[in-house]
Amino acid sequence: MYKAPRGTADILPQDQPYWRHIERTAGVLCQLYGYERINTPVFEETGLFVRSVGPGSDIVEKEMYTFQDLGGGSLTLRPEGTAPVCRAYLEHGLHNRPQPVRLYYLAAIFRYERPQAGRYRQHQQFGFEAIGDGHPVLDAEVISMAWQLYRRLGLKGLRLHLNSIGCKLCRPGFQQRLRDHFSGNVERLCPDCRSRLARNALRLLDCKQPSCQALAEAAPRSLEHVCPQCALHFEQLQKYLALLDLPYELDHRLVRGLDYYTRTVFEIQPEVEGAQNTIGGGGRYDDLIEELGGRPTPAVGFATGIERIVLNLRHQQVSVPELPHPRVWLAHQVEAAREEALKLAQRLRLAGIAAIEAPADKSLKAQLRQASAMGAEQVVILGEAELASGTVTLRDMAKGEQRSITQEELVTLLSPFAIS
Ligand code: HAM
């Protein structure tokens, strides 16, 4: 028996109400904030991700699904959504549109990670990006939009963590301070941090190993070392968040795992930290478009994993709307009635009324039993008597009552339930 590959999951019909609810809520949110949908390919040239996410990042070093296609090119299944959106922005001249360009996506993401609760090798992200404007009011927009998503979905007890990691002018000085701090204690660092120290000392701040954590806690803080422009940007952002009544916690150890971030970084953590302590994250990436060959173009964005939202909704026992199911089943008794049922089902669907045909070759009793098990509210029964009189028998399954009506009357009766 084949199984789904390790770290992947089937989203079965019983799980779909969560997914549809989240996707619908995300769509409404994007409409409210004026973000337009973009779809990019599932795979891209490998170089796009190496360049943007960073050659020393965990994603590029050990998590990418990279393969050579028959043409010999190196391709990679999308391990994140921001770089493809920036690539599309450049490729299609979106910089010629009024800025910022506001885009969103719902996309499958692939990372070869160690699977555990809330961590998959294929997951689905909802993300949005505002490209072409460096003002902190855009950071506030993106953060508040992320916050609103979870609020609208009914999640409680979330915490917003916020930090600024500076820009290409002030970050090198800060990195040096970090190197100085950590290199005095190399023997207390985990092997990963030792190898990261020379490449990207920033990443040592969010190491989860207890010995590294103690050192990270005592490390220099970026907010105390960013340049005056970055400090002002962050100050304005905090003012806007206060205006929007958005509670946040400054977190000097928040740095994020992708190398393209500049200035603002933020993460949203769920009420109860399970295996995963982040439900969504993002930040500013003012140098990425230029790094990919465009003009200097500031940008800011966010992404959240749908699986993690579902996990938290279930955990907090938040109910989601049921998906509509067909109200009407059509049952038949003889072959001629089955033909009539086939035509009637088509007629109902043309009128927008969802209808399911009961299984052929089963007794009427068995058909009714199945309709009942599937939650049918009404069953239309067609037999010889109905064919002769040009009527149908309509059975209300909850009440167990039946009545005889014409097909026209049936369509009229059910038309309030038509799907538009
Ligand atoms: P990220 O923090 O790597 O950021 O991923 C965003 C979200 O995707 C995470 O907060 C988490 O909810 C979900 N996620 C990540 N990895 C997994 C996994 N293995 N299994 C399940 N869910 C996962 C980014 O990807 C950036 N592109 C976000 C961004 C957009 N920054 C600016 N714009």
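How many residues surround the ligand, and which are the closest? In this predicted model, 28 residues surround the ligand, and the closest are Glu 80, Glu 113, Glu 129, Tyr 261 and Ile 279.

**Around the ligand**

- Glu 80 has an N or O atom in its side chain that lies 2.7 Å from a nitrogen atom of the ligand.
- Tyr 261 also has a side-chain N or O atom by a ligand nitrogen, here at 2.6 Å, while for Tyr 260 the distance from a polar side-chain atom to a nitrogen atom of the ligand is 3.0 Å.
- How much of the ligand does the protein bury? On its own the ligand exposes 660 Å², and the protein buries 96% of that.
- Strand 6 (122-131), strand 10 (280-284) and strand 11 (299-305) are the elements that give two or more residues to the shell around the ligand.
- Strand 11 gives the most, with five residues.
- Sorted by type, the shell holds nine nonpolar, 12 polar and seven charged residues.

**The second largest pocket**

- This pocket has a volume of about 550 Å³.
- Its lining is made up of 30 residues, and Gly 54, Arg 171, Asp 259, Tyr 260 and Tyr 261 lie nearest its centre.
- Which helices each supply at least two residues of this lining? They are helix 2 (46-53), helix 6 (171-183), helix 7 (191-199) and helix 10 (288-291).
- The lining divides into 11 nonpolar, eight polar and 11 charged residues.

**Aromatic rings**

- A pair of aromatic rings is described by two things: the distance of the centres and the angle of the planes.
- The model has 10 aromatic pairs.
- In one of them, the ring centres of Tyr 35 and Phe 128 are 5.8 Å apart and the planes are at 70°, which is over 60, so the pair counts as edge-to-face.
- These two residues link distant parts of the chain, 93 residues apart: Tyr 35 sits in the loop between helix 1 (16-33) and strand 1 (36-37), and Phe 128 belongs to strand 6.

- Most residues other than glycine have a negative phi, and most peptide bonds are trans.
- Gln 99 and Pro 100 are joined by a cis peptide bond, with omega at about 0°.
- You can find Pro 100 in the loop between helix 4 (82-91) and strand 5 (101-110).
- Arg 263 is not a glycine, yet its phi is positive, at about 55°.
- Look for Arg 263 in strand 9 (residues 262-269).

Technical notes:
Residues numbered from 1 in each chain as written. Predicted model: local features only at pLDDT ≥ 70, side-chain atom pairs only at ≥ 80, totals over all residues. Heavy atoms only, no water. 1 Å grid on protein atoms, 1.4 Å probe; cavity = no way out; pocket = protein on both sides within 12 Å on 5 of 7 lines; lining within 4 Å. Points joined across faces, edges and corners; volume = space filled by probe spheres on them. Helix = DSSP H or I, 4+ residues; strand = E, 2+ residues; numbered from the N terminus. Nonpolar A, V, L, I, M, F, W, Y, C, P; charged D, E, K, R; others polar. Near = heavy atom within 4 Å. Polar contact = N/O pair within 3.5 Å; in protein donor to acceptor, adjacent residues only side chain to side chain. Areas by Shrake-Rupley, 256 points an atom, 1.4 Å probe, with all protein chains shown as cover. Phe/Tyr/Trp six-rings, centres within 6.5 Å; stacked < 30°, edge-to-face > 60°.
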